[in-house]
Amino acid sequence: MATLKKQSARGRKQDRARVAGEQEYEVRYEAKKTRRSASALKKAVKKVGSSRKKVERRLGR
């Protein structure tokens, strides 16, 4: 019988470093956090990519 490997937290950390512009709950959360509209956040994601740091920098946080 094979032993199960414990999953690492690496994937979770990488996921939190990105903003999924198509996921409405992530857009709402990030828009509320940066005090910007959802449409402004989506435009920033299209302009600079999905990196959370770049999006926040673009929105002036």
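Guide: Let's start with Glu56, which sits in helix H4, residues 52-58 (helices are DSSP runs of H or I with at least four residues, strands are runs of E with at least two, and both are numbered from the N terminus). Glu56 counts as buried because its relative accessibility is 15%; buried means under 20% relative accessible area, exposed over 50%, and partly exposed in between, with a 1.4 Å probe and protein chains only. Its side chain makes a polar contact of 2.8 Å with the side chain of Lys33. For that term, a pair of N or O atoms must lie within 3.5 Å; within protein, one has to be able to donate a hydrogen and the other to accept it, and residues adjacent in sequence count only if both atoms are side-chain atoms.

A word on the ground rules: this is a predicted model, so local features need pLDDT of at least 70 and side-chain atom pairs count only at pLDDT 80 or more, while totals for chains, interfaces and linings use all residues. Residues are numbered from 1 along each chain as its sequence is written, and side-chain values use heavy atoms, with hydrogens and water left out.

Now for the nonpolar side. The largest nonpolar core has seven residues: Val19, Val27, Leu41, Ala44, Val45, Val55 and Leu59 (a core is a set of buried Ala, Val, Leu, Ile, Met, Phe, Trp, Tyr and Cys residues joined through side-chain atoms within 4.5 Å). Helix H3 gives the most to this core, with three residues. Leu41 touches Val27, Glu30, Ala31, Val55 and Leu59, leaving out residues up to four places away in sequence; contact here means heavy atoms within 4.5 Å.

Two loop residues are worth a stop. Ala20, in the loop between helix H1 (10-16) and helix H2 (24-34), is partly exposed, with a relative accessible area of 28%. Beyond its neighbours within four places in sequence, Ala20 is in contact with Glu26 and Val27. Arg35 is in the loop between H2 and helix H3 (38-48), and counts as exposed because its relative accessibility is 78%. Phi of Arg35 is near 60°, a positive value in a residue other than glycine.

Zooming out, the protein chain has four helices and zero strands. Its C-alpha atoms fill a box of roughly 55 × 20 × 20 Å along the principal axes. Of the 61 residues, 25% count as buried.
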